[in-house]
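Here is a short report on one protein chain. Look at the sequence and the model first, then read on.

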Amino acid sequence: MRWDSSKNKELKEKGRPSFDELVQAIAEGKLVDDTSNKNHPLQRVMWVLLDSKIHLIAYEDRVDHLWLATAFPSTRATEVWTKKNRKD
C-alpha cells in the first residue's frame, strides 16, 4: 500500500489516524469490509475498525499496489456495521 506523504501529514494534523496506523490495523485483522465507491467508480473503500469506530479508506487498485487516497472516521458506517454485527 502506498500513499501521498502530504496527505498522511494532513490526516495527522486533523487528529485522524494516519495511513500508517490504519495499515497496521489492517495487518492486525481489523479490516471488516471492502465496498465499491459510489462517487468514484475507479475507487473502492476499505472499512477498518479502529478505536470502536469504522474508518473508511478510499483507495485505487493499481497494477502493483493499492493507492490510499483518503481516510476518515464515519459515524454512519459505524452505525451500519454495528447494526449488522449486533448479536441479539
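This is a predicted model: local features need pLDDT of at least 70, side-chain atom pairs count only at pLDDT 80 or more; totals for chains, interfaces and linings use all residues.

## Surface and model

Residues are numbered from 1 along each chain as its sequence is written, and side-chain values use heavy atoms, with hydrogens and water left out.

## Overall fold

The chain has three helices and five strands. From the N terminus on, their order is β-α-α-β-β-β-β-α. The radius of gyration is 13 Å, close to the 12 Å that the globule rule gives for 88 residues, so the chain is as compact as a globular protein of that length. Two terms need their rules here. Helices (H or I, at least four residues) and strands (E, at least two) are DSSP runs, numbered from the N terminus. The radius of gyration is taken over C-alpha atoms, and the globule rule is 2.2 Å times the number of residues to the power 0.38.

Along its principal axes, the C-alpha trace spans about 40 × 30 × 25 Å. Of the 88 residues, 32% are buried. Buried means under 20% relative accessible area, exposed means over 50%, and partly exposed lies in between (1.4 Å probe, protein chains only). Now take the contacts with a separation of 6 or more: residues 24 or more positions apart account for 34% of them. Contact means heavy atoms within 4.5 Å.

## Met46 in strand 3

Is Met46 buried or exposed? Met46 counts as buried because its relative accessible area is 2%. Met46 sits in strand 3, residues 44-50. Leaving out residues up to four places away in sequence, Met46 touches several residues, including Met1, Ile26, His55 and Leu68. Val32 is 14 residues from Met46 in sequence, and their C-alpha atoms are 7.8 Å apart in space.

Asp51 lies in the loop between strand 3 and strand 4. Ser52 also has its place in the loop between strand 3 and strand 4. Asp51 has a positive phi, near 55°, and is not a glycine. Ser52 is not a glycine either, yet its phi is positive at about 65°. Asp51 counts as exposed because its relative accessibility is 65%. Ser52 counts as exposed at 65% relative accessibility.

## Thr78 in helix 3

Which residues does Thr78 touch, not counting those up to four places away in sequence? They are Ser52, Lys53 and Ile54. Thr78 belongs to helix 3, residues 75-85. The side chain of Thr78 reaches the backbone nitrogen of Ile54 at 2.8 Å. Thr78 is buried because its relative accessibility is 16%.

## His65 in a loop

His65 is in the loop between strand 4 (53-61) and strand 5 (66-73). With 15% relative accessibility, His65 counts as buried. Its side chain makes a polar contact with the side chain of Asp64 at 2.7 Å. A polar contact is a pair of N or O atoms within 3.5 Å; within protein, one must be able to donate a hydrogen and the other to accept it, and residues adjacent in sequence count only if both atoms are side-chain atoms. His65 also touches Arg2 and Glu60, not counting residues up to four places away in sequence.
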